[in-house]
Amino acid sequence: MGLSSNRVEDLSGHACNETFVTFEEFEQYSTELPMSNHEPLEVHKVCLPPRKTTLQKLNQRLLEVFFPDDPLHKFKNQTCLMKFVLGLQFFFPVFEWGPQYNLKLLRADIISGLTIASLAIPQGISYAKLANLPPIVGLYSSFVPPLIYSVLGSSRHLAVGPVSIASLVMGTMLSEKVSYNEQPLLYLQLAFTATLFAGLFQASLGFFRLGFIIDFLSKATLVGFMAGAAVIVSLQQLKGLLGIVHFTSQMQIVPVLSSVFQHKEEWSWQTIVMGVCFLVFLLTTRQISTRNPNFFWLSAASPLASVIISTLVVSLLKSKAHGIQTIGHLPKGLNPPTTNMLFLSGPYLPLAIKTGIVSGILALTEGIAVGRTFAALKNYQVDGNKEMMAIGLMNMAGSCSSCYVTTGSFSRSAVNYNAGAQTVVSNIIMATAVLITLLFLMPLFYYTPIVILAAIIITAVIGLIDYQAAFRLWKVDKFDFLACLCSFFGVLFISVPLGLAIAVGVSVFKILLHVTRPNTGVLGNIPGTQVYQTLNRYKTAVRIPSFLILAVEAPIYFANSTYLQERILRWIREEEERIAANKETAIKCVIIDMTAVSTIDSSGIDTICELRRTLDKQSLKLVLANPGGNVMEKLHESSALEAFGLNGIYLTVSEAVADISSLWKNEPHSKGKKGKGEEKQGGVSPESTSGKATVARARATGEEQSITQTSRFRSEVVTSPEMIRPDEPPESFVGNSKSRRKTQKDRKIDEVEGGETEENKMEREGEGERDWKPLTGRRGGLAGWEQVIVNNS
């Protein structure tokens, strides 16, 4: 079926005109068929897409992959000066909102900035300890990165700084190779180097618009990973909460719990009492803020209040609180440059690169997710690729100024949003507050107990355990729930990076499973409509006699082509077995609904052609319904359309069913050897073997008129006065009705008042034949049988 077909149109670069061929509606197989109004049915042409060169196709594909949002659409039809201004706004969003900034916005940003600063200062110190870094590094990381993000970032509510997950991953991966107690300088150098590579990786993803890579961290994977990490982090804080000095550096649940109970002699009751009291206080304020958002300031101010109160208590009772460990001396001043501390060669470079990439991916995922969440609440857009570049550049700059990996924090961003932040100026206010702390207030943290930092971390990470999300995964998708469990238990019992790798592997396996084993199903007609849906989904959908309609719900690739061929043949075999068991109409046509087949490759084309040849050998017709433009183009270029013939491609399933059924009524069913009575008329004789088979097959579906038209008989039906209602006709209707002996009831039919009828005369002179015709009930069932006389001439 090539371009000469009247239903496949080659556009040759112009738009598709929906011309069509009309024909009278075909007679129903059963009462379930939707067309009963006998109006002409339109059979539309299946259009080929406009012709494009290979370069044009490649260009379009690259645009779809890397620029789906068309970021340069604002530059079209603009003057050079305007393009320059738009370019500044594109790369530096501060030029977009800066000219409209006013005092009203500044007042809101000052309030929110000071609020998140009260949370950022204690969290920065705590998360630095979680990464096994000096506490001062946490404050440094809360100063420089927010300033850079305020110039480059596009989210108005994202509060930037250290986060628990990235801190945990960095501390875990570096501690596996280098001891932070024995080699503190080397450990610090590796942390800064890992931050540099994290920033390079993040900025590269944004610059080359490869943000879709982080989509492999699915929601299910992150739910399990964060929950497992929260449990590990909380258990690790038992060191500070119990006052243990010697503690394991491993991050698995078994070594951590073993270390807790192996050093019971180091437990300090003063530390335990203080830790439990402040932990209850922090959790209570967090719960109040969660239930009543108007009291958001409680959870925001409680960490700083805990630090101040605990510091005062320890400083006043320092002579009696020997068992409580404190932070100690923290240097004052701005961030010192650390460019000379970066490792760009040496045996530890692979460790720094690996740590940077893993922590960078996690930081990027959290930052973009948080930014998009609050952007959706305020109805504005956040460009993911620009966010990647902003986060990457701020980490690159941070690695040169005593900072480690930072990103947008969910807890601080939530406080920032609830406090009424209007722009990223709130980050500048927060950085200013941190700057004042670094310059003047560092000596005040000398007596801050470490147990308070542990309580702050536990309170922050406990919110990462989202059991409701896990329950939803179980209800919606069991495979996603499995990925969640793999991530959770992998982090708990193996390690943080390996647990994440296992979860990603499960997610990738799920993708491969969907690609290599796509869904297929049998379609049926919704009575009264021209809609076809899967039978197992819609109980009202009915099968169409003589048709098997299958839906393929995925692209046809080399990875799934063999499976699809085997699965379709299995569907056919199962349908034939069902038909044989129920004594229904045999299959004559297999229709594949290709609505969901977005593309096809050469292996898929070969599979379709091989399937067509296989079905031809079984006297089954293969038809494709609604193939997409990409599929049609490749079928045409491969000359596969030629093999399908005139009636092998249709725009919809309903058009395919109607048109093919009409063709069956108007075209010969057999090309066998002509029998007696067929030679003159050129049709199919009932006496011939092929004619008998055709009569039997058609009459089994109740298509008496179809068979007489196909056999080129003139059919005049006479209804019998007596109706017979057995499950089978009194005599087999397969074969030559002339050879049957008339029963007494048959002869009674001939006796008509007023003399011999024309039909009886035809029968007496040998020009007519009697046969049994099935009667269809109102619900499509067998109502009985009646005798008819068919005119042979």
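Tutor: R612 is buried, with a relative accessible area of 14%; here buried means under 20% relative accessible area, exposed means over 50%, and partly exposed lies in between, for a 1.4 Å probe and protein chains only. The model is predicted, so local features need pLDDT of at least 70 and side-chain atom pairs count only at pLDDT 80 or more, while totals for chains, interfaces and linings use all residues. Residues are numbered from 1 along each chain as its sequence is written, and side-chain values use heavy atoms, with hydrogens and water left out.

The side chain of R612 meets that of D616 in a salt bridge, at 2.8 Å from N to O. The term requires a side-chain nitrogen of Lys or Arg within 4 Å of a carboxyl oxygen of Asp or Glu. Both residues belong to helix α23, where they stand 4 residues apart, about one turn of the helix.

Helices are DSSP runs of H or I with at least four residues, strands are runs of E with at least two, and both are numbered from the N terminus. E610 is partly exposed at 34%, and R613 is likewise partly exposed at 40%.

The salt-bridge rule gives a count of 10. Another of these bridges joins R578 and E575, at 2.8 Å from N to O. These two residues lie in helix α22 (residues 561-582), 3 residues apart, about one turn of the helix. E575 is buried, with a relative accessible area of 7%. Through shared partners, salt bridges join R543, E575, R578 and E584 into one network.

R567 lies over the face of W571, 4.1 Å from the ring centre, and K588 lies over the face of W664, at 4.0 Å from the ring centre. The criterion is that NZ of Lys or CZ of Arg is within 6 Å of the ring centre and within 35 degrees of the ring normal.

Aromatic rings also pair with one another: Phe, Tyr and Trp (its six-membered ring) qualify if their centres lie within 6.5 Å, with planes under 30 degrees apart stacked, over 60 edge-to-face and the rest tilted. The count comes to 15 aromatic pairs. One of them is the tilted pair of F295 and W297, with 6.3 Å between centres and 50° between the planes. F295 is partly exposed at 35%, and W297 is partly exposed at 44%. F374 and F410 form a tilted pair as well, with 6.0 Å centre to centre and 35° between the planes. F374 lies in helix α14 (residues 349-377) and F410 in helix α16 (residues 410-418), so this pair ties together parts that are 36 residues apart in sequence. F374 is buried, at 5% relative accessibility, whereas F410 is partly exposed, at 47%. Together with Y417, F374 and F410 form one aromatic cluster.
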